[in-house]
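Hello,

Here is the structure I promised to pass on to you. Have a look at it first, and then read my notes below.

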Amino acid sequence: MNERQAPVMIDLRLLPAAASTWAATWWATSRPPPWPLAAALLVLCCAASASYAYSRRHTHPPRHARTPPRSARMGVALLCACLACALAVAGMARQRYDADPARREVGPIRARVVLEDDPAPISSGHVARRRARVRIAEVFDGIRWAPSQARALVSAPGWEDAARGDVFEVTGTLDPSFASAPPSVGAVRARRASLIERPGGVYAWMRVTHRSFVAACETLPGHARALVPGMAVGDARLLSADLAEAMKMTSLTHLTAVSGSHIVIILAALNLVLPARKVLRLVATVVVLCGIVILVGPQPSVLRSVCVAAVACLGLILGREGQAVAALSGVVIVTLILDPWASRSYGFALSCLAALALVGPSAALIRRARRRLRADTRLGRAVRALVEGTCVPALAEVFTAPLIVSLSGTVPVWGIAANVLAEPAVPLVTLAGLAGALLAPVSPTVASACAWLASWGTAWIAALARFFSGLPASGIQVPGGPPTLLSLYACAGAGWGAWAAWRRWGAPVVQEARGR
């Protein structure tokens, strides 16, 4: 028999604040700053905080109370503070975007831009031109250079040698009707792009590492030349159109971007290699996480994964059980306040929903399976392994399905099976690929060997994507789109709530009545 364990207490107090902050940020980035509402929330926050401080000073709660006293007032204060900050920051971001000098009608533009991504070839076949997301630093208005904070999608010639962080002066034509969702002002087709500055330091190390590793992967098969750098350092520019579509139809696209699962694999391997010293593991964890951010880029989804992993690993290193839901909620709040436009990013939303599925219901199901299923029989171990292997991709698919439907209009039917079968290959590709990338500037031969080893795993992943995307009904159209799925989820939640209420209150009453 399994030993009985103490129940795991899950801290959900930050979850309402995170959801409310996200909703408020999304709402405030589409309208002028709502200063009266933000001021009212700030006043309410001060009142709740004052009530909390007064009751703490003049009352003496029980020493062993199950629920922390006055937590409702503290929760209201925290919620109001987050909402006030979100409304103020998002409103100012929208105000700056509306007044940005880069916003203009169709016509010529001259600007100084900072590349946020490595330029990728244009899929339409214009091999002489490449495009990348950029941050506009300055715009020339005919008289002087005006500072800007807008984003844009720029295609330019001669960007074969360009890399993330480079500063260019571009001259071309702005099209505000394409790729113009805030904070982007549209697409720029540049006639000329001249390099102004190429930063050194960590940017130089990132640039050399990327180029050396891509060169080390040139002898690999076609799928591996894109998947190995993509799963190791997030560089999937060479991914072919057919393989990208197959991975999209089977929900394997997340493997081409460094996500939370990749970071967990890297940190787990790091803890196995290092001695069991808290200070050494803490320093190594911080160094590795900073290196991942530099190599991959500070996208919101990457920062979310790194911050949550850092909080969880810090709790494990210090010998305290981490509250993953609270850590995820805190990271979401901080990210949205620092970058309000992340509330409108599909990538960030998909990353957060998948993480919530992992640390929430998936972790609860795994704990329940380990508590209820026997580990001393083959059948019990097999069922345990089945639950642990399928509940994570299944619940991640359920949580992200509304957003996927809003993007593509279809539900990837075979996504769960593809992710379950691809899971054993992910650690091999991640660890071998990252080792090859780090060693590429020093030893191209060893880096090529690591990339060749990682290509075994990418061959399996690419074969799964093509196989499942070719099966019948690989994508089912959902009539009505996301509202249909949300309605189904609401009905399922109401049914589960009714069943739980009956089991807790109704069934004992019926049994007691029958016993009489």
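**Ser251 and helix α6**

Ser251 is a buried residue, with a relative accessible area of 13%. Please keep in mind as you read that this is a predicted model. Ser251 sits in the loop between α6 and α7 (260-273). Its phi is positive, near 60°, although Ser251 is a residue other than glycine. For background, most residues other than glycine have a negative phi, and most peptide bonds are trans.

The helix that Ser251 follows is α6, which covers residues 241-249. Which residues of α6 are buried? They are Leu243, Ala246 and Met247. These three lie on the same side of α6, because they cover an arc of only 95° around the axis. Among the elements that cover the buried residues of α6 are α5 (222-233) and α15 (444-469).

**The chain as a whole**

Stepping back, you will find 16 helices and nine strands in the chain. The chain has 516 residues, and 40% of them are buried. If you take the contacts between residues at least 6 apart in sequence, 73% of them join residues at least 24 apart.

Helix α1 takes in residues 14-28. How far apart are its end C-alpha atoms? They are 21 Å apart, and this agrees with the 21 Å that 15 residues should span at 1.5 Å a residue. The buried residues of α1 are Ala17, Ala18, Thr21, Trp22, Ala24, Thr25 and Ala28.

Helix α3 runs over residues 71-98 and holds Ala77. With a relative accessible area of 3%, Ala77 is buried. Leaving out residues up to four places away in sequence, Ala77 touches Cys45, Ala48 and Ser49. Take Ala48 as one of these: Ala77 and Ala48 are 29 residues apart in sequence, yet their C-alpha atoms are 5.2 Å apart in space.

**A serine in a strand, and a cis bond**

Next comes Ser155, which you can find in strand β5 (residues 151-157). Is Ser155 buried or exposed? Ser155 counts as buried, because its relative accessibility is 12%. Beyond its neighbours within four places in sequence, Ser155 is in contact with Ile122, Arg129, Arg130, Arg131, Val188, Arg189 and Ala190.

Please also look at Pro182 and Pro183, which are joined by a cis peptide bond with omega about 10°. Pro183 belongs to the loop between β6 (167-175) and β7 (184-197).

**Cysteines**

I also checked for disulfides. A disulfide is a covalent bond between the sulfur atoms of two cysteines. The count here comes to zero. Cys85 is partly exposed, with a relative accessible area of 38%. Cys491, by contrast, is exposed, with a relative accessible area of 56%.

**Aromatic rings**

The whole structure contains seven aromatic pairs. One of them is Trp414 with Phe468: the ring centres are 6.2 Å apart and the planes are at 35°, so the pair is tilted. This pair links distant parts of the chain, 54 residues apart, with Trp414 in the loop between β8 (410-412) and α13 (415-422) and Phe468 in helix α15. Trp414 is partly exposed, with a relative accessible area of 30%, whereas Phe468 counts as buried, at 7% relative accessibility.

How are the rings of Phe467 and Phe468 arranged? Their centres are 5.2 Å apart and their planes are at 75°, so this pair is edge-to-face. Trp414, Phe467 and Phe468 together form one aromatic cluster.

Best wishes

Definitions and conventions. Residues are numbered from 1 along each chain as its sequence is written. This is a predicted model: local features need pLDDT of at least 70, side-chain atom pairs count only at pLDDT 80 or more; totals for chains, interfaces and linings use all residues. Side-chain values use heavy atoms; hydrogens and water are left out. Helices (H or I, at least four residues) and strands (E, at least two) are DSSP runs, numbered from the N terminus. Buried means under 20% relative accessible area, exposed over 50%, partly exposed in between (1.4 Å probe, protein chains only). Contact means heavy atoms within 4.5 Å. The arc is that of the directions from the helix axis to the C-beta atoms. The expected span of a helix is 1.5 Å times one less than its number of residues. A disulfide is a pair of cysteine sulfur atoms within 2.5 Å. Rings of Phe, Tyr and Trp (its six-membered ring) pair if their centres lie within 6.5 Å; planes under 30 degrees apart count as stacked, over 60 as edge-to-face and the rest as tilted.
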